[in-house]
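The stops below go from a sheet to a pair of helices.

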Amino acid sequence: MLFLFSGLGGIMGKILEFEDAIFKTKDYQRNILLGNGFSMAFDEKRFDYSSLLDSPNIPFYIKRVFHTFHTSDFEVIIKKFESSAQLLNAYDHRLTTSGRLYQEAINLRDELINRILEIHPSSQNDIEKDRMFNTLFFLSNFHKIFTLNYDCLLYWVLLNREDFLKKYPNIEIFKMDDGFREYNNEIVWKQKQNQKQKQNVFYLHGALHIYKKDNGLICKPHNDGRYLMDVIKDNIYNNKYPLIVTEGSSKNKLNKIQKENNEYLLYCYSKLKGIKDVLFIHGHSLDKKDKHIFDAISKNLTIKKVYISLCSKEKYLDKRDKADTFFAKREREKTLDVNFYDADSAHIW
């Protein structure tokens, strides 16, 4: 099925059904980039970041800052605290206000983590099996899976592959591999081992269940019978913080990936820059705060086609304009074909 939307200058925008987009790319290697819309499709109320502001631990004067800038995005406000502190320190390093603003950025980042844990489902048992099976089937269309989300939904879905195969033995679901392996009684990610093995799931901005130890090892928890959220909380209490990128600007996000000795994040980012053929972008607003991601996509000349999801709350022309910000040059050069598809038609949960 095809939907037509009038564009500027008489151009017609074609919104495909997801199945049609998959059929059109059946002869190509397909990859997918997941944005927050993936999680919001599971539970919009839980994973809409505006609900994070309901925390009683956030002082009124901090909430006032959010309201002043008309945003509920923690990353945006963290950036403003950081940049304001830098400005004040450069203006007069004797001012104590700059130190306070830096501390507010740190406090807000910590509260973001704590609040996510509060609103997050406590375990995969809170999610119906059939919903996870639907997501597995959706993901099986792609050779490599990249996500910008650091919640545990994708992680839990991947744990259910064997159960899916038992229920649907005639449906082929390839092994989705996050690159972590058992090593000295821990589950560890190592770049050297991944050069030989076939990691095809990449958390570009980290994830709540991934943490970096003092010795530099990148780990994820054992399945020891406890709820994953309880394990993550215990890790935080023991100063094993989740490896996640919460910086507000694209520049600061890229800096954390490239310059803070984040071997895992850098490896995932390099893999995004190396994909080929087709990329589906599902559930992302194409906001400039992830410019480093879309620049990497645009500069990758081996990507020939991009399919961007459009949900019912988004306007085609607005999304088209955002796509042009990153991909117009490649389109004019006819080295990239940009398409749009209906997000709801993917039925991912």
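Begin with the open sheet, in which 5 strands run in the order 5-6-9-8-10 with antiparallel pairing. Strands here are DSSP E runs of at least two residues, and helices are H or I runs of at least four, numbered from the N terminus; two strands pair if DSSP finds at least two bridges between them. The model is predicted, so local features need pLDDT of at least 70 and side-chain atom pairs count only at pLDDT 80 or more, while totals for chains, interfaces and linings use all residues. Residues are numbered from 1 along each chain as its sequence is written, and side-chain values use heavy atoms, with hydrogens and water left out.

Select 180–183 and 242–244: these are strand 5 and strand 10, the edges, and each has a single partner strand, so one side of each lacks a neighbour in the sheet. From one strand to the next, the twist averages 50°.

Next, select 206–212 and 218–220, where strand 8 and strand 9 pair in the antiparallel sense over 2 bridges. Lys-212 has Ile-218 of strand 9 as its bridge partner.

Finally, select 291–299 and 316–332, helix 14 and helix 15, whose axes come within 9 Å and cross at roughly 10° (axes are lines fitted to C-alpha atoms, for helices over the stretch in contact, and angles run from 0 to 180 degrees between N-to-C directions). Helix 14 and helix 15 are therefore roughly parallel (angles under 35 degrees). Show side chains: residues of helix 14 including Phe-294 and Ile-297 meet Phe-326, Phe-327 and Arg-330 of helix 15.

Key
Angles under 35 degrees count as roughly parallel, over 145 as roughly antiparallel, 65 to 115 as roughly perpendicular and the rest as oblique. Contact means heavy atoms within 4.5 Å.
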